[in-house]
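Welcome! Please have a look at the structure first.

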Amino acid sequence: MLTALLFLPLCAGCIMLLWGRAVVCRVGLPLTALGHTALAAMTAARVARGEAPAELGGLLAPDPLGTLFLMLASVLFLTAAFYAMHYLREEERIGEHTNILDHGRFTNTPERRFTACLCFFLASMTLVTITPHMGAQWVGIEATTLSSAQLIYFHRHKRSLEATWKYLIICSVGIALALLGNILLSVAFHSAEAGRATESLDQVGWFVRNARLAEPTWLKAAFVFLLVGYGTKMGLAPLHNWLPDAHSQAPSLVSALLSGALLNCAMLGVLRGHQIMLSAGLGGLSGGMLIFFGLLSLMTAAIFIVGQGHYKRMLAYSSVEHMGILALGIGVGGAAVSGAMLHAVCHSLTKCMLFLLSGNILARYHTYSSYDVRGMRWTMPVTAALWTAGFLAVAGSPPFGLFISELLIFKGMLAADRPWLSAAYLTLLAIIFVGLSVAVLRMVQGNRPVDMAPAKREPALSVLPPLVLGLAVLTLGLWIPHWLWNFLTRAAALVGA
Amino acid sequence: MATLLQSCLFLLVLSNFLLLGTPRVPGLTRLTAFQGLLLAALLLILDHALLAGAVLLIKGALLPSLLWRTQKRLPPDALICPTRRVGLGVLAGMAALVFSIWLDGKLVMPQGLFPPMLLPTGLGTLFCGLILIVGRIKAITQVIGYLVAENGIFLLGVPLMTAGTVWFELALLLDVFVAVFVMGIAINHISDSFASIDVARFRSLRD
Amino acid sequence: MSLFITAICILAATAVLCALLAVRPLSENAARAANAVGVVGAVVGCLVGLCSVASGPWTGSESLRLPLGLPVGACSLGLDALSRLFLLPVFGLGLVCAASGGIALRHEAPDRHNFAAHWFFYHMLLLGMALVMTARDAVLFMLSWEIMSLAPFFLIDFNDGDSKVRDASWVYLVAAHLGAVALMAFFTLLWQTTGGTSLETLRQTVSYGPLAQPGTVTGTALFVLAVLGFGAKAGLAPMHVWLPEAHPAAPSHISALLSGAMINAGLYGLVRSFGFLAPPGAAPEWWGWALLLLGLATGLMGILKASAQSNLKRLLAYSSVENMGLMTMGVGAGLIGQSCGNAWIAVLGYGGALLHMLNHAAFKGLLFLCAGEVLHATGTVRMPLLGGLQKRLPLLGAAFALGAAAIACLPPLNGFTGELVLALSLLDGPALFGVERQMGLLLALTGLAAISGLAAALYAKAYGITFLGEPRSGFAANVHPLSWRTLWPLAVPAAVCLAGGLAAPWFFDLASGAAQSALPLPHQMTQAGLDGLAQARASLAVGAKISGAGLALALLLLLARRVLLRRRSVESMPTWGCGFQGASPRIQYTDAGFTEPVAKLFAPVMGLKTRLRLGQGLFPQSGGDLNVSAPDRLRSGLFTPLFTAVESLCNACKVIQHGKIHLYILYILATVVGLLIWGLRS
Amino acid sequence: MSGELAVYLVQFALALALAPLLPGIINRVKAKFAGRHGKPLLQTYYDIAKLLGKGEVISRTTTWTFAAAPAIALAGTACAMALLPLGGAPSPLAFAGDFVLAAYLLGMGRFAVMLGALDTGSAFEGMGASREATFSALAEPVFFLALMVLTSLCLDLGRGATAAFSLSAMFDGHTAGAWLTGKGELLLLPVIFFVLLLVENCRIPVDDPTTHLELTMIHEVMVLDHSGPNLAMILYGSALKLWFFAALAAGLLTPALPLWQQAGLRLLIILLLAVAVGVVESIMARLRMERVPYLLGGAAAMGTLALILTQAR
């Protein structure tokens, strides 16, 4: 089943690539997503039941942590796939594109390649989440970079090319460092490896079990490289610089996937390192480094969200912010970790929703600047309502799920007796709320632009996926199912809750 | 044996500084090829003949030729870097070497795993690659820098093969190949649409 | 309790219904349907809610635990005297404002506003308030608090075509959220220190917990956070800046609800949290003094700023600030009395504050609704343009006069009673030990007297300039008449104002019951407290009788006059202009002129900005004009600079995102090196 | 008890009856100072009687507010008067905090008169209302200050909180006469009350009731448009108010004597106070409007001083 999970999107991608009729792509994408989600759900159910499924000789053996992110990636991909049906149709209808900023003409990447890369992207994320082998995980993350580069360059104009280049170079460097981290890791365990009977592929588990035997200096160095490497991909400041560019230039559903799913997968890499450090008794150091990155990311996000005129970049920076919050929660440890897990879930749902909505806005207003968007509540009421709700959710105000998670993380900070950290955390969150509110309300409120027709019915496929996500986040704010909470706590237990 | 190894490592360090000191892209390409050869030789010395062949093939021949093809398609004036950056680059390389030797002192060596000087050399190569990316503002030099950095990491991975974990190197080779391939494509697009590969012009996306 | 749950369910169901209606395209029918559903739902829900408040013994406390599907907190609700007291304005005004709002919205264009959404948020606001007043769990409290704080934003935003309204609603949103952040810190810190989120258990845990001994750092932090968070809602200076912006911008039935019911939540929070934060002997005395001073400052600032305003709704908003200041004074006095072991001051301070809260809800609701009707009838609430409305809208004028007299603390109306109890509490200052304490309370009482004196002047102006004399402009001259059909909702708060004065003891019983349940007194003081309350009740009873007699006497005199004037010539002439014949409405006193003497005295506080444009030449053809405005100093002097400073700092830092990729790589390199040194330096 | 009640009732009747005498006395004193013969002492009675017999002229602008104002003012003042202990006999209506009620009852009257003035839409009357509003708002805290001195004194004398807060307790001879037993600061209070009397009743130096220039008036200008029975009520009401404040000052000056003597003494002092007002009016000029707050400020300062001294003991 795990193998199917991995190979379903792969094969689908290959089929699309080879026999790329438009209908195949557009219908195949949701079908693939559905199948993948079904399989992922089954896997999650088994893991939740406490079984430990393993295939390919243990190369694919998800633990709760990985399964959590697997489910996230799968669900987000499902919504994005349905959104893509509408999106690709629109793109085809437009045909000849002109760049919004410099009005240069451009064409799109062939649809077949786009959808195929989407599938490959999903496959690589699946690999990342369900393998317990650091190397395989590394391969997966590298694969996500290479496949998503194509996606970012969907609109073939200068800016997207620039964004793609930055994404490619920065992330490749990061990944290279992560690889070095892996090497140093196995050096650290070299002396312990000697006593190792059989070459099992469940590396993480083995590392965690024998972390005490490892050579601490190498372990520290390894963690530093892993943190910086995967942190680059995860978008922790000051390594985040590719993120706003890529997110602002990519098609909205790609930004949604990057921000909602990919960042979590990258974080998984960091978490593995943190896991090993914790069991090696070096949790203090790794936690400290995580807190450092978290605080820095929050600051950076605050700096760039205040007075941000480009609403997709604003969303991207808010992703930086939330990655920072996750890093903080995990670094603080204790009760905050389960809060961080919940936060990861809620943030992915919310951010995916917001990016999809930003796609709608872009299609209606043809501008990136929130100064030029006015009176959305008259021109596109549903999107406007969801956009406002999404803003409140992402700013962490009740009754949305992010409030609960941020509350738990804050509680964890107090429990860890870090008053100044928690004060800074709240202050930065407040600043970010103010910054976001200015831009979002500017777009939603006001009179309808005179040159714009009054509201017509918005296509269902463009608002339903975000609506579903929004409802999910709202539900998580008011009612968190028991099994889900147990799952989160089990996942958190792996990283030191 | 050991002397051969040491001299290889020395040559590698030397090539790093040459890389940092070379202003012109063709020279850089040749030097990367040379590093590939060195790595292959190094593997031969540590008698991993098969992998040595693979390295020779990919790092020594394939990637340089790929770069070569790319730079042939570029306008000649796109291949020179300002010299001031070069000088700074060499200084930074020195600093990088010192830092990696400091690290070498800090890290407690598992006995018999690392030959002397291999760790600093690897780290130094890695940092030199990064410095190359930072210091040069041409897209293609950034690819070369990335390649050099990967060489460093590869070098650090070599001793582990004796410990039996081969997948690092294979994955690395594969990855490097694909990455450079994709980057080559990207460079072509860049040179087509920007009529230059000067990444310092990539400043339309900023705050 | 079950009745309360029923009310909650009715409101929630209506909210859902409105949400479903809201997605329909705007049209005449949709608007009518939304109005009908919203009003009926609110009225029924509030009626049931009032029944639930009245049901059961007033001081009896019921509680209920529902499963809350969250890993933290619990959905535990409770009804004790305090909750019941604060629920009265919520449901009462909720009912009245819904009715009058339903009538008012008929004038609005159905294609420019989404009425269903409006009513949805109205019901969310009611729900939030009802839950806040009854929540017995910190997390549930925060959730409902935020619902209560977010909903008004969308209500204030009703006419969002106007940039002023947008600005006002944004200011409100930011203020509300910053307050909520402080509360989040407050409750989480409490949770951390006491290990539980249930407010019921907090009372016990704190009394022997780490907060038991006064003056701990945690205790101080908790106090400060509570004052910041709840004060931002209650509008204590300097966190009051959102009130004068939001109330003029909002539709009047919303302003009435916000000002009469929502800002009380701040007071409720303070009282409730001191219930467990300040167990007997645990509250440092300076808490009480801090609150007393804060309240006094807020009151004086509010009343002076109010008398500087020329926009009727802005004036009312500032006067809400002033009244919240008075209530805070009461709470402060209560804490002082508690920590100094003087039961009389303690219980009467609390009782006065709570009684005044009740009264304020009545008359402020009435006044805001009247202001709204003035807006509908004339199209403006700028007093310089009004006048002579009493003749044209007699019913409305009478209602406003009643409200004005009540808020000016004139017997026999309800405003007076709260003032009396507060005064009684402060009067006992000499019984405290130490001249500084005695002087402190007595001077606070002097401040109270000054505030009420200024209030009388203020409302003489508000009513006199708006309703009396001759119309000052076309707005007031040709109003479209309002029949009792549109004005009947005003009858409810008006009746409460009158009853609150004439039946003061019964109203005081409500407040005193709440005060007893809210104020933790050591048991050696409880008896004294009960005596104090009984005494105050007796005073109120006699006072009510006397002022009722005064009313009767006045009526008698009027009757006598009527009798005398029978069969005599009563001729009506133009006003005696002291020999000046060319009298015109334009020579009447304006609001600015009326407050000019006060403004001269208190210029630094009031901060009037006068812009005078004189006509040209010896015999100016074009009349000059004088424009007097009173912008909020604290906003322009404190918050605006703060926000701009933060923004400019952020903009200054934006250079790090310069777009040069090779420098981005440099960041990575530097980070690696830095972290390696950090990790391996030892 | 019944004796006290009798004294109280007699005094109350006297107050109602004799109040209009005070303006007459004041006028007569002024006339004497001016060397004129002056109006008869009972002039106010004559005026009231005459006015009650007349019809009214009512401005077209006005509404019921204008018509009802004098009645409300009169009623308020009368009720306030009823709370006052007269001649050492406590008011049967006394309760804790009744002075607050008294203050606000007077305020009610003031409020009504101000509204009545604004109702006419005349610039002069609006001006008068504005000044009245300002000065009364400033006078109120002074009034409270002065009374607080007495309450704290009562508390010191060991009265319970409930007893101490009523006018009757403050103005019985023991408290008020305490200045005889060495509490000298109490002698500041009569001065304060005298100032309050001048301010509240709009006498010189605050206001000149007899000037012919409306610009300079406060109280008189507010009632320009009243006529007939209404004006009668206004006149009577202001006379009562005068009596009220005079009685306050007098209550302070009378020591604890047997009831009837105390009552007689108080009556005497009230009449003397009227004379004093007359003297002040004839030897002083009117203050400039913006000076009046300083007068009140001085009174407030005295009050605070007295308060501190009382507390310090």
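**Exercise 1. Find the loop that holds Cys202(D), then say whether Cys202(D) is buried or exposed.**

Step 1. Cys202(D) sits in the loop between α10 (188–200) and α11 (219–222) of chain D. Helices here are DSSP runs of H or I with at least four residues, strands are runs of E with at least two, and both are numbered from the N terminus.

Before going on, a note on the model and its numbering. This is a predicted model, in which local features need pLDDT of at least 70, side-chain atom pairs count only at pLDDT 80 or more, and totals for chains, interfaces and linings use all residues. Residues are numbered from 1 along each chain as its sequence is written, while chains are lettered from A and ligands numbered from 1 in the order in which they are written.

Step 2. Cys202(D) has 23 other C-beta atoms within 10 Å, so it is buried. The cut-offs are 20 or more other C-beta atoms within 10 Å for buried, 12 or fewer for exposed, and partly exposed in between, with C-beta atoms placed from the backbone.

Step 3. Now the backbone: phi of Cys202(D) is near 55 degrees, a positive value in a residue other than glycine. Most residues other than glycine have a negative phi, and most peptide bonds are trans.

**Exercise 2. Describe Cys409(C) in the same way: its loop, its phi and its burial.**

Step 1. Look between α16 (394–407) and α17 (415–427) of chain C; the loop there contains Cys409(C).

Step 2. Cys409(C) is not a glycine, yet its phi is positive, about 60 degrees.

Step 3. Cys409(C) counts as buried because it has 30 C-beta neighbours inside 10 Å.

**Exercise 3. Locate the cis peptide bond that joins Pro398(A) and Pro399(A), and the one that joins Ala237(C) and Pro238(C).**

Step 1. In chain A, the bond between Pro398(A) and Pro399(A) is cis, with omega about 0 degrees. Pro399(A) belongs to the loop between α16 (381–394) and α17 (401–415) of chain A.

Step 2. In chain C, Ala237(C) and Pro238(C) are joined by a cis peptide bond, with omega about 0 degrees. The loop between α8 (217–234) and α9 (242–249) of chain C is where Pro238(C) lies.

**Exercise 4. How do the axes of helix α1 and helix α2 of chain A cross?**

Step 1. The axes of α1 (residues 2–18) and α2 (residues 22–48) of chain A come within 9 Å and cross at roughly 175 degrees. Therefore α1(A) is roughly antiparallel to α2(A). Axes are lines fitted to C-alpha atoms, for helices over the stretch in contact, and angles run from 0 to 180 degrees between N-to-C directions. Under 35 degrees counts as roughly parallel, over 145 as roughly antiparallel, 65 to 115 as roughly perpendicular and the rest as oblique.

Step 2. Residues of α1(A) that meet α2(A) include Leu5(A) and Met16(A). Contact requires C-beta atoms, placed from the backbone, within 7 Å.

**Exercise 5. How many residues do chain D and chain C bring to their contact?**

Step 1. Chain D brings 70 residues and chain C brings 72 residues.

Step 2. On the side of chain D that touches chain C, α6(D) gives the largest share, 19 residues.

Step 3. Strand β3 (residues 570–573) of chain C runs parallel to β1(D), joined by 4 bridges; DSSP must find at least two bridges for strands to pair. Here Glu571(C) stands opposite Val57(D).

Definitions and conventions:
Two residues are in contact if their C-beta atoms, placed from the backbone, lie within 7 Å.
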